[in-house]
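These are my notebook entries on a structure that I examined. I record what I looked up and what I found.

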Amino acid sequence: MKEKIANFIENKWTQRFIIFVIIFNSIILGMMTSTAVMAKYSNLMNQLCNICVWIFTVELGIKLYVYKKNFFKDNWNLFDFLIVAISWIPTGGVFSSFRVFRILRTLRALRLITQLERLRIIVQAIIDSIPNVSWASVLLLIIFYIFAIMGTTLYGQDFPVEFGSLPKSMFTLFQIMTLEAWADIARDIMTKYPLAWIYFISFILVSSFIVMNVIVGVVVNAISEISQDVKKEKQKKTLKDSDLELELFKLKEQINKVENLIEFKKV
């Protein structure tokens, strides 16, 4: 019985149905932000949301029944369990005045991460990259600090809005790093300091084009490694399945030989 239920819950069509429900639920949650829609169809929207939550709960209940303790050994299952548990936090009555409880409903869209393998790989890569990204961020912070001191010292007196203090300089540098209207800031300062372009271009080259690319490279490398690991696991599983099928085939052949031998002796 458990085997049949496990095959049903792991079936690709069942998984596609769950993905459809997650996307449908996400669309409904988006529509519920419209006051015009809620004024006309609030009851329908809430009922559809409740149906989606019940589907998620039944799916989770089946998985808990089939896998039992093994269910909680997978971190993605734990994440799934948490999202579904949050879905049952009441949003009406006494809790309706607490906006945070209504916001938590949007977390159901995160279930797409647990259902789609490619998304899981990306998220896992980001998590695995945190140590290396942290060190790259420390390097970036040092660069920010050095250039902020330089900017405050050089341009703080004449341009107090952008470089009047260390925090203001760091905020301006963050804006420059994102390449948001950095040319306008640079041109304003270059009207008084013609060589200021050296300062701005040096900072952009170091922060945006070098350090940020290092961070991107770390994440991309992690994605590549995890993808290779997933492929290896799939290959191992395929080999195990093929070996099992071969053993079953050999066993059937032996059984057929024994049956033929018994029939021959009877004759």
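**Entry 1: Salt bridges**

I searched the whole structure and found one salt bridge, a term for a side-chain nitrogen of Lys or Arg within 4 Å of a carboxyl oxygen of Asp or Glu. The model is predicted: local features need pLDDT of at least 70, side-chain atom pairs count only at pLDDT 80 or more, and totals for chains, interfaces and linings use all residues. Residues are numbered from 1 along each chain as its sequence is written, and side-chain values use heavy atoms, with hydrogens and water left out.

I identified the partners as Lys-63 and Glu-59, with 3.2 Å from N to O. Both lie in helix 3 (residues 35-67), four residues apart, about one turn of the helix; helices are DSSP runs of H or I, at least four residues, numbered from the N terminus. Side chains of opposite charge can pair when their charged atoms come close.

**Entry 2: A loop residue**

I looked up Thr-33, which lies in the loop between helix 2 (12-31) and helix 3. Thr-33 has a relative accessible area of 65% and is therefore exposed. I noted that its side chain reaches the backbone oxygen of Gly-30 at 2.5 Å.

Key. Helix = DSSP H or I, 4+ residues; strand = E, 2+ residues; numbered from the N terminus. Buried < 20%, exposed > 50% of the residue type's maximum accessible area, 1.4 Å probe, protein only. Polar contact = N/O pair within 3.5 Å; in protein donor to acceptor, adjacent residues only side chain to side chain.
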